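Please look through the structure below before reading on. The paragraphs after it take up a few of its places in turn.

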Amino acid sequence: MSGFSVNRRQMLGIMGGALAAPAIIGKARAAEVTLRLHHMLPPVAPMHKAFFEPWSKTIREQSDGRIDIQIFPAMQLGGKPPQLAEQVANNVVDIAWTLTVYTPGRYPISETLSLPFMVTTAEATSVAMHKFMDEFGQDEYRGMKPLAYHVHAGGKFHMRDKAIENQTDLDGLQIRAPNQNVGKALSILGAEPVFFPVTEMAVGLANGVIDGTCLPYEVVPAFKLHELTSVHCAPAEGGRGLYANSFALLMAGSAYDSMPDDLKAVIDANSGIDLSRQIGKQFDSFESVGYKMCADRGNKFVEIPKDEIERWQSATQPVVDEWIETLNDAGHDGKAMIDRLNQLIDAETA
């Protein structure tokens, strides 16, 4: 644990080539345990600066410097974002943060949170997700130790120039969808979903290839959405949001198991449902920066009424029914799981 074997170093070298210097948190002193944390975002991203860095520092301090977490952002250890969970499972990295919709159908229980209209606030929904995974998803990440589950804040429509206030407004619009299930929902509602990687979305908006995109305000600064769009349409507060993608922070089971009990206790104290709540709350707070950038530019804001969102939710029930069959095919009681998830989201939101 305190160092990598020759084979593991070779594996990392093959995957990543010459590794960039990691963002090492804490004092420059020898640690008993060195953990490598791998994620997809650039080091300027809010998640990196507001969560990964402080969290890693806390663990080092609470372990009296015995645990050192080295953070490798932007896939510096090689591979692609859809491979992050497998890198943990194969002991290539010790900890990784993964987006479940990047591997459609691979982790269907946690991916359930990425269905349309399965989010209120990120904090409440992240807690609901953690409870849902404790009840139904204990075996989903075999060989790994999940440290937290969470979602981002509910997505909004960011449109070039067309306001979305009701279903009719969606007719024929080409909108970038964040995942396959939300794309199916948009199609039912009359839009034409487009599946651009988020890195190509800005070009699509600038060139008029798409009319808008579904994303939280959190991503506005990174892609300058406040300059590429002029209208931002969000469901009224207090009801369900359009969608939220789900995430898991995972640790290699072997890395955890090889630690002494007192160091395991440090990891345990900084993981679990409280960490899920903390991350969700941070994602809610991330929204304010992007919102302010749009407001400062003089962009228009539109609220989609709660009863309209409820009609959309009813109209897109076939997407949920199809996912119930996906869960059934995986050996679960899909309907019971969806019903329970809705109960948990409503209870945590209340």
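**A walk through the model**

Leaving aside neighbours within four places in sequence, Ser126 is in contact with Tyr149, His150, Val151, Ser276 and Gly280, where contact means heavy atoms within 4.5 Å. This is a predicted model, in which local features need pLDDT of at least 70 and side-chain atom pairs count only at pLDDT 80 or more, while totals for chains, interfaces and linings use all residues. Residues are numbered from 1 along each chain as its sequence is written, and side-chain values use heavy atoms, with hydrogens and water left out.

Ser126 has its place in helix α5. Helices (H or I, at least four residues) and strands (E, at least two) are DSSP runs, numbered from the N terminus. The relative accessible area of Ser126 is 0%, so this residue is buried. Buried means under 20% relative accessible area, exposed means over 50%, and partly exposed is in between (1.4 Å probe, protein chains only).

Two of the partners of Ser126, Ser276 and Gly280, are also among the residues of α12 that meet α5. The axes of α5 (residues 122-136) and α12 (residues 273-296) come within 7 Å and cross at roughly 155°. Axes here are lines fitted to C-alpha atoms, for helices over the stretch in contact, and angles run from 0 to 180 degrees between N-to-C directions. The two helices, α5 and α12, are therefore roughly antiparallel to each other. Angles under 35 degrees count as roughly parallel, over 145 as roughly antiparallel, 65 to 115 as roughly perpendicular and the rest as oblique. From α5, the residues that meet α12 are Ala122, Glu123, Ser126, Val127, His130 and Lys131. By class, this contact of α5 with α12 has four nonpolar, four polar and five charged residues. Ala, Val, Leu, Ile, Met, Phe, Trp, Tyr, Cys and Pro count as nonpolar, Asp, Glu, Lys and Arg as charged, and the others, Gly among them, as polar.

Helix α12 also crosses α2 (residues 46-62), with axes that come within 10 Å at an angle of roughly 150°. The pair α2 and α12 is therefore roughly antiparallel as well. On the α2 side the contact is made by Pro46, Met47, Ala50, Phe51 and Trp55, and on the α12 side by Leu275, Gln278, Ile279, Gln282, Phe283 and Phe286. By class, the contact of α2 with α12 has nine nonpolar, two polar and no charged residues.

Next come some loops. Ala177 lies between β7 (174-176) and α6 (180-188), and is buried, with a relative accessible area of 3%. Apart from neighbours within four places in sequence, Ala177 is in contact with Gly183, Leu186, Pro193, Val194 and Phe195.

Most residues other than glycine have a negative phi. Ala74, in the loop between β3 (67-72) and α3 (84-89), has a positive phi of about 55° although it is not a glycine. Ala74 is partly exposed, at 42% relative accessible area. Lys224, in the loop between α8 (220-223) and α9 (225-228), has a positive phi near 50°. Its relative accessibility is 48%, so Lys224 counts as partly exposed.

How many disulfides are there? The count comes to zero, a disulfide being a pair of cysteine sulfur atoms within 2.5 Å. The sulfur of Cys214 is 9.8 Å from the closest cysteine sulfur, in Cys233, which is too far for a bond. Cys214 is buried at 1% relative accessible area, and Cys233 is buried at 0%.
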